[in-house]
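The sequence and structure are shown below.

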There are 2 protein chains.
Amino acid sequence: MPSTPTIPRDLSSWLDAHDADAFAQLNEFLRIPSVSARSEHNADTAAAAGWLHAALARIGFTVETLPTPGHPVVLAEWRKAGPNAPTILIYGHYDVQPAEPLELWTSPAFDPTVRDGKLFARGSVDDKGQLWAHVMALAAHLDVRGRLPVNVIVLAEGEEEVGSPNLAPFIEKHMIRLACDAVVISDSAMFAPGIPSILSSLRGLAYFEVTVRGPSGDLHSGMYGGAVVNPAMALARALATLHDAKGRIAIKGFYDKVKPFPAAVLKGMRALPHSDARFRKEIGVRALGGEAGKTTLEKLWTRPTCEINGLLSGYTGEGAKTVLPGEAMAKVSFRLVPDQRPEVIERLFKAHLMRQLPASSGVTVKVTALHGGRPWRADLDGPVFDAARIALRAAFGRAPVIVGEGGSIPVVGDFERILGAPVLLVGFGLPGENAHAPDEWIGVRNFRDGTRTMAMLYEEFAARHAAGA
Amino acid sequence: MPSTPTIPRDLSSWLDAHDADAFAQLNEFLRIPSVSARSEHNADTAAAAGWLHAALARIGFTVETLPTPGHPVVLAEWRKAGPNAPTILIYGHYDVQPAEPLELWTSPAFDPTVRDGKLFARGSVDDKGQLWAHVMALAAHLDVRGRLPVNVIVLAEGEEEVGSPNLAPFIEKHMIRLACDAVVISDSAMFAPGIPSILSSLRGLAYFEVTVRGPSGDLHSGMYGGAVVNPAMALARALATLHDAKGRIAIKGFYDKVKPFPAAVLKGMRALPHSDARFRKEIGVRALGGEAGKTTLEKLWTRPTCEINGLLSGYTGEGAKTVLPGEAMAKVSFRLVPDQRPEVIERLFKAHLMRQLPASSGVTVKVTALHGGRPWRADLDGPVFDAARIALRAAFGRAPVIVGEGGSIPVVGDFERILGAPVLLVGFGLPGENAHAPDEWIGVRNFRDGTRTMAMLYEEFAARHAAGA
């Protein structure tokens with residue numbers, strides 16, 4: 001292993017000297033309650049965009065705030081690194097989750113407060129704090145050296161917390177202007193304190209509503225029970241066929257397109273300091289489930305799933321009501337891994353249910369696709385990943401681990417697909433950060449180390465890009 | 001077959017002459033909105049009790065209105081038939097179902113109206129009209145002959161539509177006073193127009209709420225899905241084990257106490273003019289279900305069932321929410337046949353679920369018994385049944401059929417158990433009578449024929465009782 005790299009002294013000294021200023025400015029940003037989901041906060045969301053616009057202009061970027069059908073995109077550019085230098089696109093978002101329930105916050109959600117080395121505020125880790133780490137890294141370069149080693153585009157949207165409905169069209173519309181050699185996103189968490197992490201995969205999603213209809217209305221379960229197919233029972237029986245006894249999904253063809261994860265990635269995941277006992281305790285269960293023969297992290301990050309997200313039928317209030325329901329509903333979703341496609345899973349799932357509940361079964365079944373997103377997996381090869389490994393080692397004193405994420409972040413795939421550039425997901429949150437809950441926080445030290453990582457990443461990327469070019 | 005019996009001429013003439021009066025008085029009774037479930041109707045419910053009290057006193061009964069913790073019992077007695085005459089207890093109820101939704105009534109619920117030979121009003125068939133047929137039959141005897149051939153107790157409660165919570169204690173408290181040789185109840189329907197029917201069996205009930213708990217709270221189905229046992233899926237899989245492939249209930253020991261129905265009763269049921277095609281059309285399904293090898297009426301009347309009455313878990317609103325629910329609930333009920341007992345079924349059901357979802361399964365299961373009632377079956381032998389067969393033939397011109405009822409009427413078993421007397425269930429409603437729905441009606445002709453049936457029943461019962469004694 002090479003000797004431990006170090007952050008360039010001039011940049012780290014500047015960041016040390018400007019530490020108080022960095023937090024003072026971040027606190028200003030955090031005080032703006034830019035809750036994109038709530039129209040009563042529209043002015044605040046606009047104010048956050050304006051604040052970020054001004055901050056990026058102040059450090060030397062050319063900034064535009066571009067309208068979308070929803071909240072605007074702040075687009076900042078610095079393109080003076082020269083025609084041979086690569087371009088990095090930094091993506092982040094200036095909107096935040098709603099802060100409710102307010103009474104569960106130890107200190108007010110929009111009054112940033114440091115306790116025990118953690119900066120508490122709504123948006124501290126998701127994503128204002130992580131975005132701000134990039135801005136400070138850029139500021140260090142420009143102030144100390146008067147230039148950046150790469151061309152940089154900062155794209156900050158204001159609708160990430162409402163599903164980024166206007167982002168893909170925005171990227172499509174501006175794809176020439178946004179052309180870049182790598183996209184860097186810091187909107188995720190490290191595996192554990194002190195363990196820098198590169199997020200290498202996201203699962204996709206195929207989400208359905210299944211409705212099983214029996215009699216044309218609810219019937220009395222005494223007068224009709226025993227001769228009529230109960231749609232709730234028919235639904236339960238159909239749902240029970242979705243997994244086999246070993247926890248695998250029993251839909252014909254479901255695994256056909258699953259591409260195994262690289263052995264090195266799986267090996268790395270198995271080496272991570274994960275404890276099933278702690279995981280069980282965290283979620284409050286006595287035993288775990290899922291596919292036999294896989295580790296918990298493999299199940300969460302590398303394997304597809306089928307889950308019931310909701311069930312509704314008949315009488316659900318207090319006490320007893322003797323109803324034979326006219327229909328029953330389930331929300332059923334699949335998490336997908338490369339190269340599964342939501343539209344293929346939809347076809348297989350529908351065919352499976354139709355086989356279980358044919359027209360002759362006394363009930364009819366209707367499946368509505370509600371949401372879909374493709375899985376994503378990084379190659380982990382190439383200059384931006386190499387640069388990230390070096391910079392993370394320099395900032396955190398150890399090599400990063402490769403982690404996965406069981407959830408879906410559709411914009412990642414959008415960037416890769418539309419811009420044709422690799423996406424580096426490197427985040428500085430930590431487990432328990434309460435990203436969407438009261439008492440959201442970012443570690444003060446993680447913010448500092450994240451800033452240093454980014455300061456070094458731009459330089460390493462430029463060097464490796466030049467070497468490879 | 002003996003020659004067709006006929007209603008005694010003096011009684012039928014009197015009933016003909018008093019027909020308009022009978023309906024005029026019934027309409028008065030029906031105009032009182034005695035909705036026992038609604039406290040804003042408490043004064044109306046008391047008024048209906050008072051109206052009935054006065055009507056029974058007017059025809060010559062000794063009447064008391066006796067308090068209960070809820071609505072009172074109107075208890076009327078005529079005991080001058082002599083020490084060797086038998087005693088009949090006629091049970092009915094003066095309370096009615098709520099009339100909502102009011103806008104679906106063709107004519108107002110409490111404004112009795114005749115259309116197409118049907119008297120429409122809330123309570124017309126359930127049960128004021130059927131109770132009133134008895135009162136008119138009693139009035140005929142007393143007015144024409146000055147006496148009744150049997151001693152008669154009329155017990156009318158005001159809480160049948162809210163589950164008769166105070167009736168069993170009332171019968172227990174007054175069991176000596178209520179001692180009788182037969183209980184007669186007219187609160188049910190005939191199999192079809194023109195086909196008089198004796199209701200010979202009621203199914204029992206064992207109703208449960210099942211809660212399956214997994215993680216201590218809802219989890220993100222992307223972040224946790226695949227490694228955590230989903231309680232909604234665990235519930236669905238457990239529910240799917242309740243029936244085998246032939247529609248039989250697959251709980252160990254479930255059928256152990258089932259006593260076959262008499263061959264003659266089954267044969268009679270098979271001979272009834274039932275059409276599966278019409279039944280399917282009525283409830284709006286393309287195929288029926290239930291136990292293989294049984295007819296629809298057998299399934300509905302003579303076989304136990306297991307139904308899901310309700311399902312609730314996770315997210316059930318519009319659209320997609322990626323939640324892995326912390327718990328899932330099902331309401332599950334069993335209809336029971338002789339000699340199944342709800343408390344035994346509870347034990348067997350719990351044991352079944354615990355086998356499906358042991359502690360090692362990653363979820364816990366809790367079963368709460370919400371409601372239970374024993375099944376009931378009449379012997380169909382003895383003077384009151386013989387008398388009913390004669391009287392029904394006389395009034396309707398054909399022998400009655402024996403029918404079953406898939407639902408439960410707990411008071412029937414209470415009367416039989418506490419008073420030790422056989423219970424005759426002979427009703428004059430008809431299919432489609434809308435007993436608990438808008439546009440409730442009783443057939444005008446059925447009311448007349450029912451009144452005549454009762455007038456003859458008392459006399460036949462007295463004769464047969466004397467012959468048997």
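In strand 11 of chain B, which residue is the bridge partner of A:G314? In this predicted model, the partner is B:G310. Five bridges join strand 11 (residues 305-314) of chain A to strand 11 of chain B, and the two strands run antiparallel.

**The interface**

Contacts link 66 residues of chain B with 66 residues of chain A. Several elements of chain B each supply at least two residues to the side that touches chain A, among them helix 7 (231-239), strand 13 (327-336) and strand 14 (364-373). Strand 11 of chain B gives the largest share, nine residues. The make-up of this side by class is tabulated here.

| Class | Side of chain B that touches chain A |
|---|---|
| Nonpolar | 29 residues |
| Polar | 28 residues |

The same surface serves both copies, since 100% of the contact residues of chain B recur in chain A.

**Helix 3 of chain B**

Helix 3 (residues 42-58) of chain B has 17 residues and reaches 24 Å from its first C-alpha to its last. Its buried residues are B:T45, B:A48, B:A49, B:L52, B:H53, B:A55 and B:L56. Seen down the axis of helix 3, these buried residues fall within an arc of 165°, so they line one face of the helix. They pack against elements of chain B including helix 2 (19-30), strand 1 (62-66) and helix 4 (128-145). The face turned away from the buried side carries the exposed residues B:A43, B:A54 and B:R58. Just after helix 3, B:G60 takes a positive phi of about 115°.

Note on methods. Residues numbered from 1 in each chain as written. Chains lettered and ligands numbered in written order. Predicted model: local features only at pLDDT ≥ 70, side-chain atom pairs only at ≥ 80, totals over all residues. Helix = DSSP H or I, 4+ residues; strand = E, 2+ residues; numbered from the N terminus. Expected span 1.5 Å × (residues − 1). Buried ≥ 20, exposed ≤ 12 C-beta atoms within 10 Å, placed from the backbone. Arc of directions from axis to C-beta. Contact = placed C-beta atoms within 7 Å. Nonpolar A, V, L, I, M, F, W, Y, C, P; charged D, E, K, R; others polar. Pairing = 2+ DSSP bridges.
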